[in-house]
Amino acid sequence: MKQPFDRAVKQHGVTVLRVCRAVLGPGADADDAWSETFLSALKAWDQMDDDTNVEAWLVRVAHRKAIDITRMRARQAQPAQHLPEQASPYGNPGMADEGVWDEVAKLPERQRLAIAYHYLGGLRHTEAIELLGSTPEAVRRAAADGMKTLRLIFRSEGLSHDEP
């Protein structure tokens, strides 16, 4: 016969906490993993077979909850006082290619966005349609018109710039 849940908590709670602390170290995260373990256990308690090794089952659940918290930690942003300055391989507005960026900024919005998403963002035209709310043909046309305008401007000024 399966024991009452509160007895299982009293009997195996220390073991579960040790497992959580072994994986996460002492602190709030281990306490959270302990709580999550018993919340999950409570939800599954009625469906558990009578002959289940409760301690082993709780340790396995605790280990998985602790790993979940470890993964969550890895996904969270870490605050930093100073962010390192990194130069873009494509240049930054206001630097050496400022003329290009000024001319791109003057383009009509659809052309500017189509160029930004396709040439600078690396999206295919079919991917950019979702962002622009348009058809693939219209996105291709806007990008082509924008590039044509930029080429005309730079040819007339006698400048030689690569495509953005």
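Modeller: Gladly! Helices (H or I, at least four residues) are DSSP runs, numbered from the N terminus. The model is predicted, so local features need pLDDT of at least 70 and side-chain atom pairs count only at pLDDT 80 or more, while totals for chains, interfaces and linings use all residues. Residues are numbered from 1 along each chain as its sequence is written, and side-chain values use heavy atoms, with hydrogens and water left out.

Biologist: Which residues of H1 are buried?

Modeller: Buried means under 20% relative accessible area, exposed over 50%, and partly exposed in between (1.4 Å probe, protein chains only). In H1 the buried residues are Phe 5, Ala 8, His 12, Gly 13, Val 16, Val 19, Cys 20 and Leu 24. As background, an α-helix has 3.6 residues a turn, so residues three or four places apart point the same way.

Biologist: At which residue does H1 bend?

Modeller: A bend is the angle between axes fitted to the seven residues ending at a position and the seven starting there. H1 bends by about 55° at His 12. After H1 comes Gly 25, with a positive phi near 85°.

Biologist: How many aromatic pairs are there?

Modeller: Rings of Phe, Tyr and Trp (its six-membered ring) pair if their centres lie within 6.5 Å; planes under 30 degrees apart count as stacked, over 60 as edge-to-face and the rest as tilted. By that rule there are 3 aromatic pairs. Phe 5 and Phe 38 are edge-to-face because their planes stand at 75°, with ring centres 6.3 Å apart. This pair links helix H1 to helix H2, 33 residues apart. Phe 5 also pairs edge-to-face with Trp 45, at 5.1 Å centre to centre and 80° between the planes. Since Trp 45 sits in the loop between H2 and H3, that pair ties together parts 40 residues apart in sequence.

Biologist: Is Trp 45 buried or exposed?

Modeller: Trp 45 counts as buried, at 7% relative accessibility. Phe 5 is buried as well, with a relative accessible area of 18%. Ring pairs link Phe 5, Trp 34, Phe 38 and Trp 45 into a cluster.

Definitions and conventions:
Helices (H or I, at least four residues) and strands (E, at least two) are DSSP runs, numbered from the N terminus.
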